[in-house]
Amino acid sequence: MTLPSDRSMAAPRTVTRAPGDQPVVLIAEQLAPSAIDVLADDFDVRHVDGTDRPALLAAVADADALLVRSATKVDAEVLAAAPRLTVVARAGVGLDNIDVAAATARGVMVVNAPTSNIVSAAEQAVALLLACARNIAAANAALKGGEWKRSKYTGVELAGKTVGIIGLGRIGMLFAQRMSAFGTRLIAYDPYVQPARAAQLGVRLVGLEELLAESDFISIHLPKTPETVGLIGAKELAMVKPGVRIINAARGGLIDEDALVAALADGRVAGAGIDVFANEPCTSSPLFQFDNVVVTPHLGASTVEAQDKAGLAVARSVKLALQGEFVPDAVNVQAGGVVAEDVRPLLPLAEKLGRVFTAVAGGVAASLTVEVRGEVTDNDVSVLQLAATKGVFLDVVTEQVTYVNAPLLAKERGVDIGLVTSPDSPDYHNLVTVRGALPDGRSVQISGTLVTGPREVEKLTEVDGYDVDIPLVGHLVFLRYADRPGVVGIIGRAFGDVGINIASMQVSRREAGGEALMVLDVDSPVSAELVTEVAGAIGATAAAAVNLAEH
């Protein structure tokens, strides 16, 4: 520990609201009413047209959360205009309209609804395939135009045909399940799927060239990445089985549209079902000239059910984010994913231990190790490393510190952070320790546990080898000094003179007359000046304070 006057740390950025004010949730596009209902009771829900740029920039200035779909562009300019922003939520799967890197740098969480539309997207691909196979769209238009031409629109059966699936992720698998009901032979290209998993679905994995050569129907189910853009181009379309029909209800740009037009024109491709385009909105394309091409305006997620699921999913994520909880669907949080129920209660503990560590250390460590012991290590506990990292920087940097940017802050400052786990915990059911080496060669170690019972209590159990047992709440003061009579009285008078009540006090020592560690839990914030004064009065070798009531 070092005296606060020796600490050269910037004051943390604090964004406060008037007492009773609710966090502002700004909705920039239409969401399902059920999603708005999730937020209405706890937040000040406001609306803006996200496509009206000036209106968006003005409205986002007060927003703690921003909810969008696909039309609102959330770029660096929008993020810079939103100093309170904690989370941006996209009610859908893709994130093409959100600058995730810029959000991460500002500590803004980005969430989406990754599974909300998977059933709808798979069903859209099936619908397009059936429409292509039976010439539904062209026959419909002709009949409504007064023409009865049965022979012109003769189609093909699916039974016995080979359906090639490019991308066997969640949507690709749902599409495969539905196609199997038609009596088709299923093959797929996906280098990231194990053959055994594909076999469970009745799908045989093949190379891309083999899939192109064998398939009567091809359906694409890939994300849009630099590697997948233009995956099906002129070269690939030259390899396809003549008469193939191609479906893309995934992402625009995966098929080279000019190459597809050429393949349709020379008859090698007998039809196509296209729901997505390289540039959207698309209201004019050479593809539209072909009767055997069925096009829809990006309707993969456009079902009542998908919109409800997407809205509800992101509304729940926003609620978690604004309550300071870990959000499983955050795309820019390390250790993302589902946090086990046994691990989740330890997140606030790990964060508080990180804050105590920095207070006691008097600065940022050169390296840190987060150690987790006990039965909880049967689960993935990497998120506790993230929570501790957040706590370490919470009181020492000017910018907002979140689960999002904490690793970036550590990297920028050259702080190496590791995780150690062990099922052995002799003294406590579970124990979390934050241990670090400081640039001056000192080391600091802080440990804590979660005591369960009628209520869960986060407790500090060790400070640099001194055993303590004190709740991690409120305002804590740490003093290290030579053990002798009269110290308690001096401290009590000093705090009493400024009207600060001491709720509890603990003294830990290794031997009588040796060095002692005192931990005070007081009812009010303690100024750096007071800590310096008290430390001087008792001849403390180290002193620090941390306000756990903040943040």
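D464 is buried, with a relative accessible area of 17% (buried is under 20%, exposed over 50%, partly exposed in between, with a 1.4 Å probe and protein chains only). The model is predicted: local features need pLDDT of at least 70, side-chain atom pairs need pLDDT 80 or more, and totals for chains, interfaces and linings use all residues. Numbering starts from 1 along each chain as its sequence is written, and side-chain values use heavy atoms, without hydrogens or water.

D464 sits in the loop between β17 (457-463) and β18 (466-471) (helices are DSSP runs of H or I, at least four residues; strands are runs of E, at least two; both are numbered from the N terminus). Its phi is near 50°. That value is positive, and the residue is not glycine.

N135 also has a positive phi, near 55°. Its place is the loop between α5 (118-133) and α6 (136-144). N135 is buried too, at 16% relative accessibility. Most residues other than glycine have a negative phi.

## The loop between β11 and β12

Which peptide bond is cis, with omega near 0°? The one from E280 to P281. P281 belongs to the loop between β11 and β12. Most peptide bonds are trans.

The model has one aromatic pair (Phe, Tyr or Trp rings, six-membered for Trp, with centres within 6.5 Å; planes under 30 degrees apart are stacked, over 60 edge-to-face, the rest tilted). The partners are F277 and F288, with ring centres 6.1 Å apart and planes at 85°, so the geometry is edge-to-face. Both F277 and F288 lie in the loop between β11 (269-274) and β12 (293-295), so the pair ties together parts 11 residues apart in sequence. F277 is buried, with a relative accessible area of 6%. F288 is partly exposed, at 35%.

## Charges over rings

## Buried S215

S215 falls in the loop between α9 (208-214) and β9 (217-220). Is S215 buried or exposed? It is buried, at 0% relative accessibility.

The side chain of S215 reaches two backbone atoms. One is the backbone oxygen of L211, at 2.7 Å. The other is the backbone nitrogen of G164, which lies 3.4 Å from a polar atom of that side chain.

Where is L438 found? It is in the loop between β15 (430-437) and β16 (443-451). L438 counts as buried, at 6% relative accessibility.

L438 and A59 are 379 residues apart along the chain. Their C-alpha atoms are separated by 44 Å.

Note on methods. Polar contact = N/O pair within 3.5 Å; in protein donor to acceptor, adjacent residues only side chain to side chain.
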